[in-house]
Amino acid sequence: MAKADQAEIRMRIVIEQPVVGVLHSLQSKEDGPLDPKRSKSGEPLAFDFPIRIAPGPKFFGDQVRREGPQRRFVYIRIGQSAGDSASPWSRRMKIDIHDIDQALLDRAVAGEGMLETVVNGTGKDGTPACATIPVKRRRIG
């Protein structure tokens, strides 16, 4: 699809309750860590990046991954995967974006604000959350 048919919006992923001291980063198409951050005292971590949206909706961008004809998601790297070779963890969070409500996408395209997705960063066992992470909430901020 031509870029002329796509609208760019700003997206933010907020990781609430990350495991203290564990490095997190976005994953880009170059497959390396991007914008690494760690929580010093349990404060949320936020990752901002652009995505492009086309009718359908279809999603494009350096952080957008695909699985099958419709599923689109963003990876957050954790521990060793984020560039911390001393970490005991080497994980990724998979955060779905293909299921974002069309009304929120329309508001973001209209320039009403950044599209924010919030997830929990700690699993039930107290270690960094990984695999497909349920979204706690989405909003325009």
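Let's start with one pair. Glu-116 forms a salt bridge with Arg-12, and their closest N and O atoms are 3.9 Å apart. A salt bridge here is a side-chain nitrogen of Lys or Arg within 4 Å of a carboxyl oxygen of Asp or Glu. Glu-116 sits in strand β9, residues 115–120, and Arg-12 in strand β1, residues 7–16, so the pair ties together parts that are 104 residues apart in sequence. Helices (H or I, at least four residues) and strands (E, at least two) are DSSP runs, numbered from the N terminus.

A word on the source. This is a predicted model: local features need pLDDT of at least 70, side-chain atom pairs count only at pLDDT 80 or more, and totals for chains, interfaces and linings use all residues. Residues are numbered from 1 along each chain as its sequence is written, and side-chain values use heavy atoms, leaving out hydrogens and water.

Back to Glu-116. Is this residue buried or exposed? Glu-116 is buried, with a relative accessible area of 10%. Arg-12 is partly exposed, at 25%. Buried means under 20% relative accessible area, exposed means over 50%, and partly exposed is in between (1.4 Å probe, protein chains only).

Glu-116 also forms a salt bridge with Arg-139, with the closest N and O atoms 3.0 Å apart. This pair links distant parts of the chain: Glu-116 in strand β9 and Arg-139 in strand β11, residues 135–140, lie 23 residues apart. Arg-139 is partly exposed, with a relative accessible area of 41%. Salt bridges that share partners join Arg-12, Asp-48, Glu-116 and Arg-139 into one network.

How many salt bridges are there by this rule? The count comes to 12. Another one joins Lys-37 and Asp-35, with the closest N and O atoms 3.3 Å apart. Lys-37 is partly exposed at 25%. Asp-35 is partly exposed at 32%.

Now the whole chain. Along the sequence, the pattern is β-β-β-β-β-β-β-β-α-β-β-β. The radius of gyration is 15 Å, close to the 14 Å that the globule rule gives for 141 residues, so the chain is as compact as a globular protein of that length. That radius is taken over C-alpha atoms, and the rule is 2.2 Å times the number of residues to the power 0.38. The C-alpha atoms fill a box of roughly 45 × 30 × 25 Å, taken along the principal axes.

Last, burial. Buried residues make up 45% of the 141 residues in the protein chain.
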